[in-house]
There are 2 protein chains.
Amino acid sequence: MALYVMKFGGSSVGDTERMKRVAKRIVEKKEAGHRCVVVVSAMGDTTDDLIDQSKLLNSNPPAREMDMLLTTGEQISVALLSMAIHQQGHDAISFTGWQAGFRTEAVHSKARITDIQPERIDAALNDGKIVVVAGFQGMSEDGEITTFGRGGSDTTAVALAAAINADVCEIYTDVDGIYSTDPRIVKCARKLDEISYDEMLELANLGAAVLHPRAVEYAKHHKVRLVVRSSFNHNEGTVVKEETVMEQGVVVSGIAFDKNVARISILGVPDLPGVLAKVFTALADAGVNVDIIVQSGVQNGKADFSFTVTLTDTELAVQVINNIRGEVPYDNVTSETNLVKVSIVGAGMVSNPGVAAKMFEVISQQGVSIKMVSTSEIKTSCVVDSEKLHDIIRELHTAYGLDTAAQVVVGGPQDRR
Amino acid sequence: MALYVMKFGGSSVGDTERMKRVAKRIVEKKEAGHRCVVVVSAMGDTTDDLIDQSKLLNSNPPAREMDMLLTTGEQISVALLSMAIHQQGHDAISFTGWQAGFRTEAVHSKARITDIQPERIDAALNDGKIVVVAGFQGMSEDGEITTFGRGGSDTTAVALAAAINADVCEIYTDVDGIYSTDPRIVKCARKLDEISYDEMLELANLGAAVLHPRAVEYAKHHKVRLVVRSSFNHNEGTVVKEETVMEQGVVVSGIAFDKNVARISILGVPDLPGVLAKVFTALADAGVNVDIIVQSGVQNGKADFSFTVTLTDTELAVQVINNIRGEVPYDNVTSETNLVKVSIVGAGMVSNPGVAAKMFEVISQQGVSIKMVSTSEIKTSCVVDSEKLHDIIRELHTAYGLDTAAQVVVGGPQDRR
């Protein structure tokens, strides 16, 4: 008898028929003798619908009220899923985030968990009940309803698994597991049997939408055994854990890409101490997340440098740079979109020289120039024009020996929350 | 500067346009220098839609999970209404039932309020904020989300008005106030300027849907000054209070009717001590609410008696009677539907003999026989066939001098929650 945390995303419970199927899945686990805590997201488009409604009433709604609004989506899901489980003859009890004991910072829309007090969950499990917890939400010390931001339900599941010492945290989604790359682009993408936390973290951060990076971080930190699997079949899925066995000759585990990227360039910046700090402090203060930063060599006491931000932050970033012109004199600021960041990820890269060089070669063979490069011990990212993205991904997949004979069939839209 | 509780029902906030209008209404009050606590119901059909969804998943959903589900409706309303108020330049803060300090019995779907701890509301008012509270919901001592049942938002408003010592509790609805009878039936129904708690209580209990009986009871007990008025215009409305000035010659204030009634008759019941108690204890145990009870005279040691229940309880009541046949031998049990309970209500009835007699006469002039009668100090009810209901109401309205020259124009569907 094991203790399972099972997380189902919004598309897995997109309508009442899917909800019934999820209930059946949970009941199977329960009937196999296991204890089950279920974490569930808002149904299908509920969150987006609520956001649309809010926009009709307020062009810039207060974050506190958005949290109040959006948390109803998960509350509806847990109530309905509990009812569906009851209908199948098992006792279930639903909890909101605050009832489940999730305490967070007093921050709205992207609060971090400070503590989990799982007494009510423990009590319900001891009563033999299936526990259904609303993902993505908690409560601050002063009784305010907070949310964890997109992907927050993954974090709920992993944090809960750590708090109640679950044996496994299963993330159910609409794909069979983690793939070597997006199977919608590369038909012969391979499903990975296992992957390390670090690799998964890179993939998640690089736009592989199956698992949220914060959840992976949490899992790594608390050594929570994660399994990513399909809610539509009983295939094995991908295990995410500390150490993985490296397949012979496979240095790169996966290839990811992120289209949500823009490049900002600041030209002719005086090469004085503290200038860079001023720029990036101003950006941080405005809430702009900066990813890759590249500075060119200094000429005539002036330098050019570029950095990437998410697409939606493009205008804001340029505005921030304009605003600090008094403090940081520069010649010009430009922004560039229609870009993509392509990344190769693999724990074996560190001990295998030449892995990155092969990537540059493949990209240049496509006649595409590399605009920016960023590396870590287990990944190399290149920012390039998005036009030839699919060709690049396919060629990289082949070049790193990741192709399988089998063709992958992919289901519906991916769970993003 | 006065402290107002303003309650808006589901149809008043049925869509985002109406929501904006309600926000404007609240902002007007605030800008006139008053402090405002707003209670709001779920938008339009939200509650019914949620109930429909639950039925697809469970034919008999647990009450606890229904409360979990339905309370999201009001939570969505308060969040959106707060956003709409912000958009109009005023600071607003929304609270769920538990955040607003509503403590209730540990009962689901029809919990009673045990205590209100309005500290957070007081603090927000002191900060100059407009406070928006989710109607219909609270929390039990053990942290369970509970609801007050249909009409519960009225109760929220009145109880809150009592707890924070509000000067007035305004119930905004889609009619101009309390009418002498349903203006959809009697075109020349009159809007009452004022009415006593007791009269309102009778009218509310008798099916006049504008105010929920429990809320009126609460208002009477705590002497909360109630005003029922339209959310669509600025007309005066009807004041509900302790003592009202009786208009010259007007003994009956209002005429109500209730179609949600069935008659159960038990024939040939042995006239032994305790038999009636057994019957009605069994019904109470099954949760059947009995209204009028009539027993005929005893013949040969056996009696017939009849009672009324709500339509939906008809089958259940008959089943309960069948089940106790072992303890209470009787000859036969029958049920009758297509009935209506017509009632006249007026504080002046007690000191004016002959008021009831006139009612019986008007009904008999329509060729309709009276099946049951029930009286209190301020009302007389008759159960009759529903066929001639409209004629009876119109004739009673004229007979008691309630007709006005003006014709009433009635808006959309009435708020029931």
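**Entry 1: B:Lys388**

I looked up B:Lys388 and found this residue in the loop between β20 (379-385) and α11 (389-399) of chain B. Helices (H or I, at least four residues) and strands (E, at least two) are DSSP runs, numbered from the N terminus. The model is predicted, so local features need pLDDT of at least 70 and side-chain atom pairs count only at pLDDT 80 or more, while totals for chains, interfaces and linings use all residues. Residues are numbered from 1 along each chain as its sequence is written, chains are lettered from A in the order in which they are written, and side-chain values use heavy atoms, without hydrogens and water.

Leaving out residues up to four places away in sequence, B:Lys388 touches B:Gln366 and B:Val368. Contact means heavy atoms within 4.5 Å.

**Entry 2: chain B against chain A**

I turned to the contact between the chains. Chain A gives 43 residues and chain B gives 43 residues. Together they bury about 3,500 Å², 63% of it on carbon and sulfur atoms. Buried area is the accessible area (1.4 Å probe) lost on putting two parts together, summed over both. B:Leu57, B:Gln75 and B:Met83 supply 21% of the area chain B buries against chain A, more than any other three residues.

**Entry 3: salt bridges**

I found two salt bridges between chain B and chain A (a side-chain nitrogen of Lys or Arg within 4 Å of a carboxyl oxygen of Asp or Glu). One salt bridge joins the side chains of A:Glu144 and B:Arg120, at 2.4 Å, N to O.
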